[in-house]
Each structure stands twice: as C-alpha cells, then as structure tokens.
Amino acid sequence: MQKKFELFRLSLVGRPQRDFIADGLGKDVSKEDYIRQVFSTKHVVQHRGIDLHYVPFDEKIIDPKFLGGRVGRPFSNIEHTPPELGLHEALHQGWKALTILVDPAHHDDGQKVAVEVNKAVGSSYAIINSLIERINSYSNSIYIVNCHPIIDASTFWSFANENKGQITSLSFDFAVPNMFGGHDSIQEELRKFRDIEKAQDVSVKLKSADGINTDTDKIKEAVNYVEKGGGDIVAKTKSRRTYDSKNRVKITHITIEDSDSDIVPSILREASNILRS
C-alpha cells in the first residue's frame with residue numbers, strides 16, 4: 001500500500017522573554033533543541049471542538065536524526081454482534097491516528113515536518129497548525145513556532161500564466177527568516193522587520209483592478225521564498241478564480257508491504273526518504 005505525506009517547514013522566532021526563561025532552564029536552548037523538546041512531549045490539542053492527542057515515538061525506535069509521533073482522535077461506530085448473538089447493535093469505540101515526522105536540524109532542508117495524509121483524522125494542514133498553536137500557548141515557550149506548507153512553485157506560475165493580466169489581488173504572508181541562507185531583497189527586508197520591528201510574520205497584499213504584473217523580480221523572489229515553506233500565497237482573478245498555496249502542499253509517497261500489521265516501524269525506516277525528498 002502507499003502512504004502519502006504532506007510537507008511543511010517550521011520557522012522559529014525568539015520571544016522577548018526568551019533569555020529570562022532560558023536562564024531558568026539553566027542553559028541556552030537552540031532552535032533544534034526546542035523542536036526536539038516540544039515534539040518529544042505529549043500534548044492534548046483542541047481541534048474544531050475535539051481533543052486530539054499527540055503521543056511522541058519512543059526515541060529507541062526512530063533514527064536519532066529525526067523525531068515524531070502520532071496524532072489521534074477518538075471515534076465511535078454502531079456495529080452489530082455476530083448472527084449467533086442476534087445481530088444486535090453494539091457501540092464500538094476506538095482511535096484513528098496519523099503519523100508526524102520531524103527533521104529538527106538547522107540545514108538547507110531542515111526544520112521540516114511530514115504529516116501523513118489520513119482524512120479519517122483530519123486535514124494535515126489543519127492538524128499540524130492546531131498542534132503548533134498548542135505548543136505556542138505554553139507560558140514557558142521560548143520561541144514562537146510557525147508552520148507553512150512546502151509547495152511546488154510551478155503550480156503558482158501555471159495559475160499566473162493562465163490568468164495573465166487577470167490577477168487583481170495577490171497576497172503573501174511571510175514567516176520572517178530563521179534558516180534560509182539567501183540574500184535577495186525579500187529576505188533582507190524580512191530580516192529587518194524581524195530584527196528592528198520584532199515582527200514574527202509579515203503580510204503584503206497587492207491589488208489592482210487592471211491586473212497585477214506577476215512577471216517581476218520581486219514577485220519571483222517572493223514565490224521562491226514561499227516555495228521552501230516560508231509563507232503562503234493567495235491570488236484572485238477578475239473572474240473570481242483563486243490560487244491558495246495552502247491547498248497545493250507538496251506530497252511525498254512511500255510504499256509499505258500490505259502484510260505489515262503495524263505500519264509504524266515501516267514508516268520510521270523510511271523517515272529519511274520521506275523528510276529528505
């Protein structure tokens with residue numbers, strides 16, 4: 001069977017009280033340390049009126065370069081007893097879960113998250129962001145964590161080419177840089193907002209009733225930044241066609257033997273292929 005994973009990027013910005021909290025912990029906590037800490041901890045997550053539970057994997061069963069866990073939600077079904085017992089209605093209760101894998105390291109393709117696609121649990125994008133929201137809610141959180149999808153930029157450029165001169169609204173929501181090593185004008189401006197204005201996110205919205213020119217260096221730099229998981233793009237046309245990068249998350253696949261009764265060990269063996277794709 002095939003398993004699909006959607007790919008996201010974490011972006012961390014230190015909170016103003018970071019030094020005070022870190023002193024209380026007795027050491028400076030790096031971004032990698034913090035990611036390892038929060039994804040190695042159990043969390044109860046409020047998600048659309050339900051309690052989801054994040055349970056980390058035992059570190060003994062996963063490659064030490066990576067970490068992760070499973071997010072589960074309760075379910076109940078009305079089933080029936082066997083014929084010899086009268087086919088009476090019976091309530092069956094259980095849990096459905098999806099896997100989350102994390103590369104916490106600081107490198108060109110690091111701070112990356114892979115979330116298993118399992119519609120019975122919920123939208124990968126919505127679930128990972130609910131988990132991040134819970135992590136950010138703790139009073140001792142020394143970083144603000146943002147999570148944005150990694151996309152294929154060609155999906156945006158196809159939309160832009162198909163609607164050339166028709167795009168009347170183009171919005172970017174950027175996470176301020178914390179890892180990418182580029183030095184184009186977009187990243188330089190975002191760094192200034194981060195360092196001087198202490199911004200954690202920067203939003204830019206372009207509007208033109210006559211149509212926005214998307215074939216510029218600034219737009220190309222912005223799309224390239226978002227492609228790596230640096231933010232979100234929403235574009236709208238005169239005819240109300242919409243492009244939303246949150247719906248264009250990059251997907252990777254792995255194949256698992258159908259005979260495997262517990263697929264977690266198989267997924268963990270493939271962690272490198274999933275996260276380094």
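Author: Of the 277 residues of the chain, 45% count as buried. The model is a predicted one.

Reader: What makes a residue count as buried?

Author: A relative accessible area under 20% makes a residue buried, and one over 50% makes it exposed.

Reader: How do you know whether Gln 111 is buried or exposed?

Author: The relative accessible area of Gln 111 is 1%. The limit for buried is under 20%, so Gln 111 is buried. Gln 111 sits in the loop between E5 and E6.

Reader: What is phi of Gln 111 near?

Author: Phi of Gln 111 is near 50°, a positive value in a residue other than glycine. Most residues other than glycine have a negative phi.

Reader: Which loop holds Arg 240, and is Arg 240 buried or exposed?

Author: Arg 240 is in the loop between strand E10 (231-237) and strand E11 (242-244). Its relative accessible area is 76%. Exposed means over 50%, so Arg 240 is exposed. Phi of Arg 240 is near 70°, again a positive value in a residue other than glycine.

Reader: What about Glu 89: buried or exposed?

Author: Glu 89 has a relative accessible area of 63%. With the limit for exposed at over 50%, Glu 89 is therefore exposed. Glu 89 belongs to strand E5 and touches Ile 78, Glu 79 and His 80, leaving aside residues up to four places away in sequence.

Reader: How many residues separate Glu 89 from Gly 14 in sequence, and what is their distance in space?

Author: They are 75 residues apart in sequence and 54 Å apart in space, C-alpha to C-alpha. As for the whole chain, its C-alpha atoms fill a box of roughly 70 × 55 × 35 Å along the principal axes.

Reader: Which residues touch the most other members of the largest nonpolar core?

Author: That core has 29 residues, and Leu 10, Tyr 34, Phe 39, Ile 100 and Ile 128 touch the most other members. Among the elements that each supply at least two residues of this core are strand E1 (2-14), helix H2 (31-38), strand E5 (89-103) and helix H3 (124-137). H3 gives the most, with 5 residues. A second, separate core of 24 residues includes Val 13, Ile 167, Ile 186 and Ile 212. In soluble globular proteins, nonpolar side chains tend to be buried together.

Reader: What does Tyr 34 touch?

Author: Apart from residues up to four places away in sequence, Tyr 34 touches Leu 12, Val 29, Ile 135, Ser 141, Ile 142, Tyr 143 and Val 145.

Reader: Now the helices. At what angle do H4 and H6 pack?

Author: Helix H4 (residues 153-162) and helix H6 (residues 217-230) pack at an angle of about 140°, and their axes are 9 Å apart.

Reader: Which residues make the contact?

Author: From H4 they are Ala 153, Phe 156 and Trp 157, and from H6 they are Ile 219, Lys 220, Val 223 and Glu 227. By class, the contact has 5 nonpolar, no polar and 2 charged residues. Lys and Glu count as charged, so Lys 220 and Glu 227 belong to that class.

Notes:
Residues numbered from 1 in each chain as written. Predicted model: local features only at pLDDT ≥ 70, side-chain atom pairs only at ≥ 80, totals over all residues. Heavy atoms only, no water. Axes fitted to C-alpha atoms, helices over the stretch in contact; angles between N-to-C directions. Helix = DSSP H or I, 4+ residues; strand = E, 2+ residues; numbered from the N terminus. Contact = heavy atoms within 4.5 Å. Buried < 20%, exposed > 50% of the residue type's maximum accessible area, 1.4 Å probe, protein only. Core = buried A, V, L, I, M, F, W, Y, C linked by side-chain atoms within 4.5 Å.
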